[in-house]
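Thanks for coming. Please have a look at it first.

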Amino acid sequence: MDHPYRPAALLNLATAKFVSCQADGRHLNLDIPINLFQDALDLHPTDHPDQTITQHLAIALELLSKILDVCHANSHIHRAALIAIETSTLYSAESIDANDLGQERPAAPMLPLSLNQLAHRAKWCLQKDDPRWSNGEDLDQAIALQREALALRPVGHTDRSRSLNNLAGQLSSRFEHRGNVEDLDQGIALQREAPALRPVGHTGWFNSLNNLAGQLSSRFEHRGNDEDLDQAIGLQREALALCPVGHTDQSLSLNNLAHQLSSRFKHRGNEEDLDQAIALQREAVALYPVGHSDWSRSLYNLAAQLSSRFEHRGNGEDLNQAIALQWEALALRPISHTDRSRSLNSLANGLSSRFSHRGNDEDLDQAIALHREALALCLVGHTDRSMSLNNLAGQLSSSFSHRGNDEDLDQGIALHREALALCPHRGNEEDLDQAIALQREALALCSFGHSDRSRSLHSLANGLYYRFSHRGNDEDLDQAIALHREALALRPVGHTDRTWSLNSLAIQLSSHFEHQRNREDLDESRDNLGRALTLLTQHDPHQLHVHNSLTNVYLLFHGLNGTSTGEVTDSLNAAMHNLKAAANVVSAGLLPRLRASLSWVRHALQHSHGTELEAHVTSMQLLDAYMSTTASVSSCHNIMKDFLSTLAVDAASCALRSGEVCRAVELLEQGRTIIWTQMTRLRTPLDSLQTCDDHAAALIKKFRDLSSLLDKPPANDREATSRVNVEAQEARYRHLVKDWNRAVEEIWKIEGFSCFLLPPLFSDLQDAARDGPIIVLIVSKSSCDAIIILHKQPPTKIPLPTNIEKLQILATRLQCRSTPALTTALAELSRIWWCPTSVFNFLPLHAAGQYWRDGQFLSQFYVSSYTPSLTALIKARRHDRSLSVSFAAIGQDHPAGASHTLECVEPELELVQSLLPPPPTVSFTKITSVDAMQSRALCALRENTWLHFSCHGTQKYEDPFNLAFLMRDQPLSLLDIAQTDLSRHEFTFLSAYDTAVGDQDTPDEVIHLAAGLQFAGVKSVVGTLWKVNDSTVQRLVEAFYKNLCGDGKMNSKQAA
């Protein structure tokens, strides 16, 4: 055991074992080589000549470098790090002969880091993971031994400087671990003595300067003494001067100096420091070869510094570069990398910042996806989990504000709740007081000149303003305004947050005016907002928020007592101007713009302003555009419920009050049945474009391909689809919509197609009255009117003697003799079409009459039909009648879940068959009982142009697109029908309950089975407005088909 060659043999064996581990890829199976290295070192006394063998250091540090990147916190890393520290402490680089070092040091791929960098990694590893270092036992023992060693090396000893460095380094480590500033002070004092013992040019001079600079920088961060930071920067500059091009520590020194200059910028706000830091960091990045283990960290640091400069100056190119560098850094940090979650969060924050400044949806989508990945890496118990939860919740809240998707809001709230659960709180007013106290403390730590002072002032001001809103204490509001003024002074022109400061100060001054009625507050608020607006670029989405704030200020001016009439008018005009401007900030996103436009509608209506009609038109256009970005029809329906469901009829009423009857009809057609209209746009025929040139042909293909992709239904079971996949599908759909819109814009440029898919003009809509007049019924809070549309005459407006509250008696009002104007307009005509809006959709208008003895009824004079829109009627009446009829009768007497059999179904279908003309005029197919499955019914629907349904129907008002015909296995839903091309179909009879009754929350969307069939392409549909008994159905079916087929012909134009 005491053989003199045993240590050498152990080292050789250890090396062989380590090489074997590398060759086999067994990075985690390192117990044997580590134990052998340790045994070899233990057998060498401190004065043994072989203790200086470079191989010990190189292999031990190579082992550390390799396993740090592949191992989790475990004993292998700890022990390898300990060996590296012991070895590098005992045998520093200056004791190795340069020639020997050149021969014995492993090649660059084996030893990619300098000794200083490897030692730093070892120290980090030990401090982070080793429980013995957590207890401090080994660290205390190491310091005690180093003090002993120093005592044995008095002034003049050749190794004293090395001992000073080692002891200073370990005291610094203990300070970082425990926070005892005395350790740091002692370390700095020892480190100052070390360079004095080494002449300029000594190989250890760089280490001494670098270490002292690092410790002074740490003390600055702990105490905030400017002199420490200035000295650290000066020493780091000296250290860098000792690293010529190609020096192994040049990149380390560049990184350190860049970090210290960046710290000084944050503390004092001197832009030159930040510019220098960025230049140095760029140089450091350029020195690292691709794949270097520290390259990602350097990229990350450079990105952070560029982001800081963007926040300070607002140069978008800095932010773009920062994001590009973050992507690069992220690619170098695989899933197993300890810093991957930090990279994900930083990149997501950069993308979020760019989204807030430019409004690009792709940035928001990517930010959410990255935050989700970061959260997945922060498992329960992870120290960063609360931060990651809050980051993702914040992004989802931004997404909700931008798009209005309730799922984003629900999930954001859930994530905030989870984050809150990780932070104990009392949940009462004491929390608010404590938060403000902590913000005051944070502000005290940001002395004048500190780069975060303005942000800290802003946060404290907002906290005080919130407390004012909650309690109404004037002192809080006064302090908040004073703090905002100070923050604003620290944000000069060009600072990215100056606009926010101006806007926040203006809002709080407006609140102060409402509380104190001091006009000077309002004047200053308006002036600040005007300045904020001038700072924003043409494409900055923040313009919308400033315009909204200006609107509120001008409305307050409008309501001031003692103001001249001219000033009142000017203030109201300015308020409407800003609402219009807010609605037209394209980069702000469709949802915020839509909300702004609806606010414009509300205020214009309230003040009877001349822009009311324009506000309605803008809102309708934005609502249409916003809904087009939503793939799910159910989501579209929810959007309609959330917003003003009477928008179209209110716009039409506004036009009528202005005497613009034709415009009223156009607005109704544009603003009603939006969901159906958007679905039919995707199936627009382009036959007239076929004769154009090759460019037009390419556009036709592009338009059809995109329309086909958009027309595909989204995943049915959203609950079973992960939220990540749902978001990816939604993002893909939005991209397709953008491409589709661009294709339409290209088609507009073709001669003769400038109006392609644009809302129709009245001259086009008037063609719907070719076969008879159309009565459009409009009801709003302000008026109730009928518009009679004739084919070749101007439309007639007839005020109706009722209002929205009295519509229950409208059936008796709409009689021939009680409304002379209506009688005159419809004289000597036998066929009319009703186009009802709002509450009129639920009234049996065709049954209007005098319900008493000898009373007269509308049906005695006119045959009534209904149409959901004029465009739908034009398409229905334009078709040519086919000579042969393929007729399918579909009946289901015992649908899934039914408790009893419908006895009338079979007799009804037999009656229909008996009344139809025989073959070859009619080809008849009957599907009933067990054959009437959902798939079979859908197949019959596609293959036959005439249909008769006899079955139960379901009406689901909470989700009307799921209303359905009940088949034997599962329902045939309205959504199934709507997604089917029925453009060749002529007629459908619906012998089922409530097939022509829509949803009361969105009556102008006309969502029911009869309308669904008509918008899908069926020319004529017969449906029911209420429940009917079996005998009534039998009589109706018999009378209907006898009249329809009495002459042996089938003409769907006469059917409905």
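Let me start with a question: in which sense do strand β6 and strand β8 pair, and over how many bridges? Strand β6, residues 885-891, and strand β8, residues 946-950, are parallel and share 5 bridges. Within that pairing, A889 is opposite H948 of β8. Helices and strands here are DSSP runs, numbered from the N terminus, with at least four residues of H or I for a helix and at least two of E for a strand. Two strands count as paired if DSSP finds at least two bridges between them.

Before going further, the ground rules. This is a predicted model, in which local features need pLDDT of at least 70 and side-chain atom pairs count only at pLDDT 80 or more, while totals for chains, interfaces and linings use all residues. Residues are numbered from 1 along each chain as its sequence is written, and side-chain values use heavy atoms, with hydrogens and water left out.

On confidence: pLDDT is the predictor's confidence in each residue, on a scale from 0 to 100. The protein has a mean pLDDT of 76, with 77% of its residues at 70 or more. For residues 46-134 the pLDDT is below 50, and this stretch has 147 contacts in the model beyond near neighbours in sequence. Residues 810-829 are also below 50, with 42 such contacts. A contact means heavy atoms within 4.5 Å. Where pLDDT is low, the predicted coordinates should not be read in detail.

Now the overall numbers. There are 44 helices and 13 strands in the protein. Of its 1056 residues, 51% are buried, where buried means under 20% relative accessible area, exposed over 50%, and partly exposed in between, with a 1.4 Å probe and protein chains only. Among contacts with a separation of 6 or more, 69% are between residues 24 or more positions apart.

Back to the sheet we began with. It is an open sheet of 5 strands in the order β7-β6-β8-β12-β13, and the pairing is parallel. Neighbouring strands are turned by 10° against each other on average, direction ignored. For these angles, axes are lines fitted to C-alpha atoms, for helices over the stretch in contact, and values run from 0 to 180 degrees between N-to-C directions. Helix α44, residues 1030-1045, packs on this sheet and touches β6, β8, β12 (987-991) and β13. The direction of α44 makes about 165° with that of β12.

The other sheet I want to show is also open, with 5 strands in the order β3-β2-β1-β4-β5, and its pairing is mixed. Here β3 and β5 (863-866) are the edge strands, each with a single partner, so one side of each has no neighbour in the sheet.

Which strands flank β2 (residues 784-789)? On one side, strand β1, residues 774-779, runs antiparallel to β2 and is joined to it by 6 bridges, with I778 partnered by D785. β1 and β2 make a hairpin with 4 residues between them. Strand β3, residues 796-799, is also antiparallel to β2, through 4 bridges, and K797 is the partner of I787. That hairpin has 6 residues between its strands.

In β2, 6 of 6 residues are buried. C784, A786 and I788 are on one side, and D785, I787 and I789 on the other. Helix α32, residues 661-671, lies across β1, β2 and β3, at about 95° to β2.

Last, the aromatics. The structure holds 13 aromatic pairs; rings of Phe, Tyr and Trp (its six-membered ring) pair if their centres lie within 6.5 Å, with planes under 30 degrees apart called stacked, over 60 edge-to-face and the rest tilted. F703 and W740 have ring centres 5.6 Å apart and planes at 35°, so this pair is tilted. F703 sits in helix α34 (residues 694-711) and W740 in helix α35 (residues 723-748), so the pair ties together parts 37 residues apart in sequence. Both F703 and W740 are buried.
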